[in-house]
Number of protein chains: 2
Amino acid sequence: MAAWARQTRIALRPHAKTHKSAQIARLQENAGARGIACATVAEAELLASAGIGGLLLTAPQMGDGKFARIAKINSAHDIAVVVDHIAQVDGLAASSRAGDKPLPVLVDVDVGHSRTGVADLGEGVRLAQSIAASDKLKFVGIQGFAGHAQHIPRPDERNSAADNAADILRRFAKALTEVGLDCELISGSGTGTYRRDAAGPYNELQVGSYVFMDSDYARIVDESGAGPCFEPSLFVLATVVSVNIPGQVTVDAGSKALATNGPPPCNLVGAPKGSSYRFAGDEHGIVGIPAGHKAPALGDRLLIGATHCDPTVNLHACYHVIDAGQAQTWSIGARYGE
Amino acid sequence: MAAWARQTRIALRPHAKTHKSAQIARLQENAGARGIACATVAEAELLASAGIGGLLLTAPQMGDGKFARIAKINSAHDIAVVVDHIAQVDGLAASSRAGDKPLPVLVDVDVGHSRTGVADLGEGVRLAQSIAASDKLKFVGIQGFAGHAQHIPRPDERNSAADNAADILRRFAKALTEVGLDCELISGSGTGTYRRDAAGPYNELQVGSYVFMDSDYARIVDESGAGPCFEPSLFVLATVVSVNIPGQVTVDAGSKALATNGPPPCNLVGAPKGSSYRFAGDEHGIVGIPAGHKAPALGDRLLIGATHCDPTVNLHACYHVIDAGQAQTWSIGARYGE
């Protein structure tokens, strides 16, 4: 991704919601990322404490506690945040610390995802003006995340949704320029639409899933029809714990080990080609073995490819990173309550 | 549940896979439970280190590491385990520590769930005999978990599946008695079938979900048609973070806060009656507000009832326990890698 972005002359701000890992963020930074996107204040705190710069909090936050934590990060580190309501502008300004640099703020634009953001052009301009009017804050641009477009399988339909989102952002940027507010940052995109989005108006891409390339994204072919550019890298290690039924084995990885909101896992390393996986409770999965093939033995280890990486990572406390036969353990942070 | 069990003269060994909490296990023990069931070695270690007695590991384990950890618990605490294969019998015997009391072992019987357990009667008898023949192990009985029966909505169909499971266990117990192996323990059941299962041959019930009573179980009416006996007690606290679209608000609880493999959350405290919840990514959910009702305001807090408690608990590091206006924080342990 870093090589493609360099070649395409577009900036990357990869999303930490995928990995929740300071080590992976550092690798992305070293590969040329301008910064790292975060979905939660806890993710931003994790990365700030590891010295990762260029943080962007991509979801509007609410509550004095959250505003104070953002102000604290801004005191010692480098963070920008998005807002979609004047109450957030007021709250962030009120929570700023005396003597600190102004907090960089972007207006979150609803580009059709209907989750967060401002859909109305006039409202977006007023919000940007209120940011610019505060001496505690600094208006730096707009964000639009076309979450609804990322997983559309057909390239033409996906491109169409991405283009509509881009058009909305273009209109917001133009309206802001007309009132004297230039967008230094136009941020957004994802692993499903990043190639299309490189055409603009984005000047940075918040791609996340590419780093693990879950199999739901992997089935989405790119515009050229050449298939995905990234190899799946995230697997859950499971042990065969029961073998009493012909044609299947039971493994000790279920809905507490693998996110259930993707397609069923299909990439099973260590099982015969054509084997299937189905969830069988919190701690178990059942691997179906195709007829005529030898089933894995009791105690054998299988690698189960994650089909939805972000919520699968969130189920674990660490990665075991395998590189050229060497293993390292990297912690997964910023989970709820940690 | 404890009151009902006392009245019915059946023993309880509530399942810790639901709560992963030493404090809740202690409450269950104090209410009269004979012990606590665990799904993983980590859960057993958590409870053993808190001094909880009468542990039963309800899933067959594999691997020298697991066997050694079980032996270590058996050295200082009180644990029994299930097996469904001779390799587990041999492994547990080989991992026993010199001078320790024999490890109590149950044969896991496949009562129609087709996940773990022995389905063949002769095989079950041979397995029990091999346990009894080891001076490191002690045969104490059988287990059968009718996981396939627990969530069947219609009482007659659920009872029928439960009765079939009970008949299988009865046949195994009889065959074992005939070879001189009495079943001190016949363990199994769950929140969906516990009333039916009290008729036997079970002499203890491994009920788990009742303690939080997720809404998927709550829709299952009991035999009398009187509805569930337990009130839902598990909620995720969420904050309204975006209010720009009429008829809906966005909250900061999504698929990293609530398990997605139950029905969509429907018990929304703080939102108007008739409000709906849908998942909108890792960190967001969208609450639909019925026409004519006032939507919650930006920054308002909602309680979202969990529809599948066990995997929802697994997403969090602690409970905030509210009793008579007082709050305590209890930790959630034994999650992967912790």
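**Exercise 1. Describe how helix α6(B) passes helix α7(B).**

Solution. Step 1: the crossing of α6(B) past α7(B) is right-handed. A crossing is right-handed if the near helix is turned clockwise from the far one by less than a right angle, and left-handed if anticlockwise. Helices here are DSSP runs of H or I with at least four residues, strands are runs of E with at least two, and both are numbered from the N terminus.

Step 1: α6 of chain B covers residues 121-133 and α7 of chain B residues 155-178; their axes come within 10 Å and cross at roughly 50 degrees. Axes are lines fitted to C-alpha atoms, for helices over the stretch in contact, and angles run from 0 to 180 degrees between N-to-C directions. Because of this angle, α6(B) is oblique to α7(B). Angles under 35 degrees count as roughly parallel, over 145 as roughly antiparallel, 65 to 115 as roughly perpendicular, and the rest as oblique.

Step 2: α6(B) contributes Leu121(B), Gly124(B), Val125(B) and Ala128(B) to the contact, while α7(B) contributes Arg171(B), Phe172(B), Ala175(B) and Leu176(B). Two residues are in contact if their C-beta atoms, placed from the backbone, lie within 7 Å.

Step 3: sorted by class, these are six nonpolar, one polar and one charged residues. Ala, Val, Leu, Ile, Met, Phe, Trp, Tyr, Cys and Pro count as nonpolar, Asp, Glu, Lys and Arg as charged, and the others, Gly among them, as polar.

A note on the model and its labels: the structure is predicted, so local features need pLDDT of at least 70 and side-chain atom pairs count only at pLDDT 80 or more, whereas totals for chains, interfaces and linings use all residues. Residues are numbered from 1 along each chain as its sequence is written, and chains are lettered from A and ligands numbered from 1 in the order in which they are written.

**Exercise 2. Find the angle at which the axes of α4(A) and α5(A) cross, and list the residues in their contact.**

Solution. Step 1: the axes of α4 (residues 64-76) and α5 (residues 86-95) of chain A cross at roughly 55 degrees and come within 8 Å. The two helices are therefore oblique to each other.

Step 1: α4(A) passes α5(A) in a right-handed crossing. On the α4(A) side the contact uses Asp64(A), Phe67(A), Ala68(A), Ile70(A) and Ala71(A); on the α5(A) side it uses Gly91(A), Leu92(A) and Ser95(A).

Step 2: by class, this contact has five nonpolar, two polar and one charged residues.

**Exercise 3. Is Ile286(B) buried or exposed, and which residues does it touch?**

Solution. Step 1: Ile286(B) sits in strand β13 of chain B, residues 285-288.

Step 1: Ile286(B) counts as buried because it has 20 C-beta neighbours inside 10 Å. The cut-offs are 20 or more other C-beta atoms within 10 Å for buried, 12 or fewer for exposed, and in between for partly exposed, with C-beta atoms placed from the backbone.

Step 2: leaving out residues up to four places away in sequence, Ile286(B) touches Arg115(A), Gln248(B), Thr250(B), Arg278(B) and Ala280(B).

**Exercise 4. Describe the hairpin of β12(A) and β13(A).**

Solution. Step 1: β12 (residues 276-279) and β13 (residues 285-288) of chain A run antiparallel and are joined by four bridges. Strands pair if DSSP finds at least two bridges between them.

Step 1: Phe279(A) has Gly285(A) as its bridge partner in β13(A).

Step 2: five residues lie between the strands, and Gly281(A) takes a positive phi near 100 degrees in this hairpin.

**Exercise 5. How many residues of chain A are in contact with chain B?**

Solution. Step 1: 51 residues of chain A are in contact with 51 residues of chain B.

Step 1: on the chain A side, β9 (235-242) and α10 (309-313) each supply at least two residues. The largest share, four residues, comes from β9(A).

Step 2: by class, this side of chain A has 20 nonpolar, 21 polar and 10 charged residues.
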